Amino acid sequence: MILSDIAVPEGLWDTSKTPEGVVANWFYRDGSTVEAGAKIAELMVEKTVFDIAAPAAGELHILVPKDGIVRPGTLIGRIDGA
Amino acid sequence: MASKSNRILTMSHAIAEGIANEMRTDPSVFVMGEDIAAYGGIFGATTGLLAEFGEQRIRDTPISETAFIGAGVGAAMAGMRPIVELMFVDFFGVCMDAIYNLAAKNIYFSGGNCKVPLVIMTATGGGYSDAGQHSQTLHATFAHMPGLKVAVPSNAYDAKGLMISAIRDDSPVLYMFHKGLQGLAWMASPEKAATEVPDDAYAIPLGEAKVVRPGKDATIVTLSMMVHRSMEAAEQLAKDGIDVEVVDLRTLVPLDRATVFKSVAKTGRLIVVDEDYSSFGVTAEIITSVVERDPTVLKVKPRRLAFPDIPIPYSRPMEQFALPNAGKITEAVRESVKKGR
């Protein structure tokens with residue numbers, strides 16, 4: 001089993017001004033099969049949206065649901081590539 | 001790209017994808033409006049389009065609806081297929097001559113020699129304390145005018161298919177999306193407004209209502225946000241053994257009177273739910289469509305739930321008091337069912 005972390009990239013936004021963002025949407029349900037590079041989620045910080053792409057192909061496991069609070073580095077999900 | 005049928009899109013992304021699908025295959029399609037390019041539309045309906053299609057085809061305009069909706073009519077008559085965004089439907093006043101007197105009439109006034117393949121995309125609806133000039137739905141204001149078609153999606157799948165039909169149509173189409181269905185992070189949206197959406201282009205014909213919940217005891221006819229409120233009510237009523245059929249109109253012009261009548265003929269009870277003002281509106285038109293054809297199908301008097309005939313209040317308690325909601329719908333259905341037994 002190869003697990004790939006889906007983490008909020010470090011430095012994605014200026015945390016000195018806005019420490020936190022939210023998961024605005026997941027585009028696949030928990031347990032769905034996704035392709036590598038597919039847009040799987042979007043984050044919103046103030047009114048700016050950041051896309052999150054799948055780091056690998058496999059089964060998506062969501063760790064932070066829609067509307068959950070995130071910071072750079074937060075692990076929001078995993079992809080099981082087995 | 002492989003088809004990803006398990007992908008769930010918000011309504012805003014589904015609209016943008018429908019536009020992108022058509023823009024890839026038809027060079028005459030372009031988009032104009034306030035903050036639709038760099039910002040992606042304040043309700044997200046044009047997100048990502050500037051990056052793919054560039055500023056010649058995705059055009060930010062000055063704050064002058066008079067100018068750019070008028071320009072949209074002219075461009076449509078000159079052979080283009082413009083989509084113009086009227087940021088809030090409430091702003092219609094300054095461009096109503098272009099909509100009512102030019103877009104709606106020029107096919108007829110030219111004896112059919114000119115087409116007007118224009119889409120006017122606009123945001124509707126309240127419930128988030130934005131007051132009386134930013135919260136209206138105004139469905140009837142546009143459905144009333146001969147020459148305009150009107151599409152009013154309630155979910156992402158329908159939103160994409162109706163947008164594609166609107167773009168391909170040779171008549172002007174008002175495409176009215178409810179802000180509270182768009183799936184924006186800063187505005188609550190019903191979970192079921194986001195749906196699985198195929199990657200590829202597909203068209204949902206204008207003029208086909210959809211029975212979104214089959215039932216036998218009463219018919220709710222509704223549209224847009226109120227589809228979700230009606231479904232909440234139907235689920236509540238089901239716990240008490242009341243089986244409600246819910247019809248999502250999806251388009252107001254053309255109006256699928258046949259589907260409405262068929263449902264009411266089956267259930268014998270009609271409740272119409274609309275977020276637009278009550279008088280002279282969608283609710284009256286639906287009820288009339290049934291009673292003109294055959295009033296004897298009704299076991300009890302028809303009912304309507306709509307926004308009272310007042311400007312929409314800013315105050316949250318006052319606005320929420322006035323809006324139709326699941327509780328009011330549940331009560332109206334209960335009264336109809338009780339009387340008809």
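The model is predicted, so local features need pLDDT of at least 70 and side-chain atom pairs count only at pLDDT 80 or more, while totals for chains, interfaces and linings use all residues. Residues are numbered from 1 along each chain as its sequence is written, chains are lettered from A in the order in which they are written, and side-chain values use heavy atoms, without hydrogens and water.

**The contact between chains A and B**

Select the residues where the two chains are in contact (heavy atoms within 4.5 Å): chain A supplies 15 residues and chain B 13 residues. Between them the chains bury about 1,200 Å², 52% of it on carbon and sulfur atoms; buried area is the accessible area (1.4 Å probe) that two parts lose on being put together, summed over both. Next, show A:Phe27, A:Tyr28 and A:Lys47, which lose the most area in chain A to chain B and together make up 39% of what that side buries.

A salt bridge here is a side-chain nitrogen of Lys or Arg within 4 Å of a carboxyl oxygen of Asp or Glu, and the count between the two chains is one. Strand 2 (21–26) and strand 4 (39–45) of chain A each give two or more residues to the side that touches chain B; strands are DSSP runs of E, at least two residues, numbered from the N terminus. Strand 2 of chain A gives the most, with four residues.

**B:Arg81**

Move to strand 4 (residues 81–88) of chain B, where B:Arg81 is placed. Is B:Arg81 buried or exposed? B:Arg81 is buried, because its relative accessible area is 16% and buried means under 20% (1.4 Å probe, protein chains only). Display polar atoms of its side chain: one lies 3.4 Å from the backbone oxygen of B:Arg168, and one lies 3.2 Å from the backbone oxygen of B:Asp169. Leaving out residues up to four places away in sequence, B:Arg81 also touches others, including B:Asp26, B:Phe30 and B:Pro117.

**The nonpolar cores**

A nonpolar core is a set of buried Ala, Val, Leu, Ile, Met, Phe, Trp, Tyr and Cys residues joined through side-chain atoms within 4.5 Å. In the largest, of 81 residues, those touching the most other members include A:Ile40, B:Tyr175 and B:Val333. Centre on B:Val333: beyond four places in sequence, its contacts include B:Ala218, B:Leu237 and B:Ile271. Apart from this core lies another, of 47 residues, among them B:Phe30 and B:Val247.

Key: Buried means under 20% relative accessible area, exposed over 50%, partly exposed in between (1.4 Å probe, protein chains only). A polar contact is a pair of N or O atoms within 3.5 Å; within protein, one must be able to donate a hydrogen and the other to accept it, and residues adjacent in sequence count only if both atoms are side-chain atoms.
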